[in-house]
Amino acid sequence: MTKQQSSTEDLQQLQIEVIVQNCFLDSPEVKQQATSNLIAVETWETWFQCWLENLQDDLPPAFGYELSLRLTSDAEVQVLNAQYRQQDKPTDVLAFAALENNFPLPIEMRSHLPLYLGDIVISVDTAAKQANQQQHTLQIELAWLAVHGLLHLLGWDHPDDDSLNQMLTQQANLLEKVNLAINTHS
């Protein structure tokens, strides 16, 4: 078996589980827009499957991968942002990487259980505002923020302009992989 064949077979075996929690429908600011722009759980699963297949080089080897995506309000994100980042204000996306913990799973568990990558929390309130400012749909903004959070789960960061530009370019490339286009984003 050649290396290329092995790589293709690995991609076919890649199993992804995405737990999606839509907790934002109580938010009056986005309720009307959000209900018409709901993204089906199956769509999220397809997107994350595609993104992770394209990010194979950033993934530790595992039987499969699991992550959670929580779509919520500014109020909840503000509480989390204050608790974990000491910034008492809402933000668009938070990522809590499970891979930052130094508790490696034994090999026998890694071959049978999915590797938990972490949690992505998105404020739909802020996403709706940013979508309006960027003049694109809420769906595109939510996907943009989800892929940004995913990159953080995999160890990407943007402490300077250079790394931020690399990350933004990767985000745009990954959106294109799921047939979503974004022109610019600040």
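Val 121 is found in strand β4, where helices (H or I, at least four residues) and strands (E, at least two) are DSSP runs numbered from the N terminus.

Before that, the ground rules. This is a predicted model, in which local features need pLDDT of at least 70 and side-chain atom pairs count only at pLDDT 80 or more, while totals for chains, interfaces and linings use all residues. Residues are numbered from 1 along each chain as its sequence is written, and side-chain values use heavy atoms, with hydrogens and water left out.

Back to Val 121. Val 121 counts as buried because its relative accessibility is 5%; buried means under 20% relative accessible area, exposed over 50%, and partly exposed in between, with a 1.4 Å probe and protein chains only. The accessible areas themselves come from the Shrake-Rupley method with a 1.4 Å probe, and for residues only the protein chains shown count as cover. Not counting residues up to four places away in sequence, Val 121 touches Arg 70, Thr 72, Val 77, Leu 80, Asp 92, Val 93, Leu 94 and Phe 96. Contact here is heavy atoms within 4.5 Å. With Leu 94, 27 residues away along the chain, the C-alpha separation is 5.1 Å.

Next along the chain is Ile 122. Leaving aside neighbours within four places in sequence, its contacts include Leu 69, Leu 71, Val 77, Val 93, Ala 127, Leu 142, Leu 145 and Ala 146. That brings in the core. A nonpolar core is a set of buried Ala, Val, Leu, Ile, Met, Phe, Trp, Tyr and Cys residues joined through side-chain atoms within 4.5 Å. The largest one has 44 residues, and those touching the most other members are Trp 44, Phe 48, Trp 51 and Ile 122. At least two residues each are supplied by β1 (15-22), α3 (41-54), β2 (64-72), β3 (93-97), β4 (115-123), α6 (124-134), α7 (138-153) and α8 (161-177). Which element gives the largest share of this core? That is α7, with eleven residues. As general background, nonpolar side chains in soluble globular proteins tend to be buried together.

Val 147 lies in helix α7 and is buried, with a relative accessible area of 0%. Beyond four places in sequence, Val 147 is in contact with Trp 51, Gln 171 and Leu 174. Trp 51 is 96 residues away along the chain, and the two C-alpha atoms are separated by 7.7 Å.

The other is Leu 55, in the loop between α3 and β2. Is Leu 55 buried or exposed? Leu 55 counts as buried, because its relative accessibility is 1%. Leu 55 and Leu 151 are 96 residues apart in sequence, with 8.9 Å between their C-alpha atoms.

Now the whole chain. It has eight helices and four strands, in the order α-β-α-α-β-α-β-α-β-α-α-α. Of the 186 residues, 41% are buried. Among contacts with a separation of 6 or more, 72% are between residues 24 or more positions apart. The accessible surface comes to about 10600 Å², and 47% of that belongs to carbon and sulfur atoms.

Next, the pocket. On a 1 Å grid over the protein atoms alone, a pocket is an open set of points where a 1.4 Å probe fits, with protein on both sides within 12 Å along at least five of seven lines; lining residues have an atom within 4 Å of a point. The largest pocket has a volume of about 510 Å³. Its lining has 21 residues, and the closest to its centre are Asp 92, Val 93, His 148, His 152 and His 158. Two or more lining residues come from each of α4 (74-85), β3, α6, α7 and α8.

Last, two backbone points. Gln 86, in the loop between α4 and β3, has a positive phi of about 55° although it is not a glycine. Gln 86 counts as exposed, because its relative accessibility is 63%. Gln 135 sits in the loop between α6 and α7, and its phi is also positive, near 60°. Gln 135 is exposed at 74% relative accessibility.

Terms used. Grid points are joined across faces, edges and corners, and a volume is the space filled by probe spheres set on the points.
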